[in-house]
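I opened my notebook to look up a few residues and their surroundings. Here is what I wrote down along the way.

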Amino acid sequence: REEGDESVVRNIRIDGDWFVFEKDALGQPAAYGLRVMVAWQSPQDKAEGKDLVTVFELSMVSRDAKPAAPFKLAAVGGSFWMRASKVPQAK
């Protein structure tokens, strides 16, 4: 996050189990992925009082050949908009 960035992550949800994201030349798992959905609100939308968030569908990819953190990257699968008022509050 950059200094002065006022964007807000409204909620994060794990969307399923670990899966094989990448295989090596022998067909063995080289990296695992974990599907995550992140609801994000831009500073401009928040300042203007818009009831809008962008939901990103991500795959968090493990650094090692095991289903665990740390992660080496987040692959974006897609995104969509939804009403901020419909996003469940993070616990």
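I started with serine 59, and I found this residue in strand β4, which covers residues 53-62. I kept in mind that the model is predicted.

Next I asked myself: is serine 59 buried or exposed? Its relative accessible area is 13%, and because buried means under 20%, I noted serine 59 as buried.

I then looked up what serine 59 touches, leaving out residues up to four places away in sequence. My list reads Phe19, Phe21, Leu34, Arg35, Leu73, Ala74 and Ala75.

I moved on to valine 53, which also sits in strand β4. I wrote down a relative accessible area of 1% for valine 53, so this residue goes into my notes as buried.

Which residues does valine 53 touch, not counting those up to four places away in sequence? I noted Arg10, Ala39, Trp40, Gln41, Phe80, Trp81, Met82, Ala84 and Val87.

One of these partners, alanine 39, got an entry of its own. Alanine 39 and valine 53 are 14 residues apart along the chain, and I have 6.1 Å between their C-alpha atoms.

My last entry is on the largest nonpolar core, which has six residues in all. Valine 53 belongs to this core, together with Met37, Ala39, Val55, Ala84 and Val87. I also checked which elements give two or more residues to the core, and I noted β3 (29-41) and β4.

Note on methods:
Residues are numbered from 1 along each chain as its sequence is written. This is a predicted model: local features need pLDDT of at least 70, side-chain atom pairs count only at pLDDT 80 or more; totals for chains, interfaces and linings use all residues. Side-chain values use heavy atoms; hydrogens and water are left out. Helices (H or I, at least four residues) and strands (E, at least two) are DSSP runs, numbered from the N terminus. Buried means under 20% relative accessible area, exposed over 50%, partly exposed in between (1.4 Å probe, protein chains only). Contact means heavy atoms within 4.5 Å. A nonpolar core is a set of buried Ala, Val, Leu, Ile, Met, Phe, Trp, Tyr and Cys residues joined through side-chain atoms within 4.5 Å.
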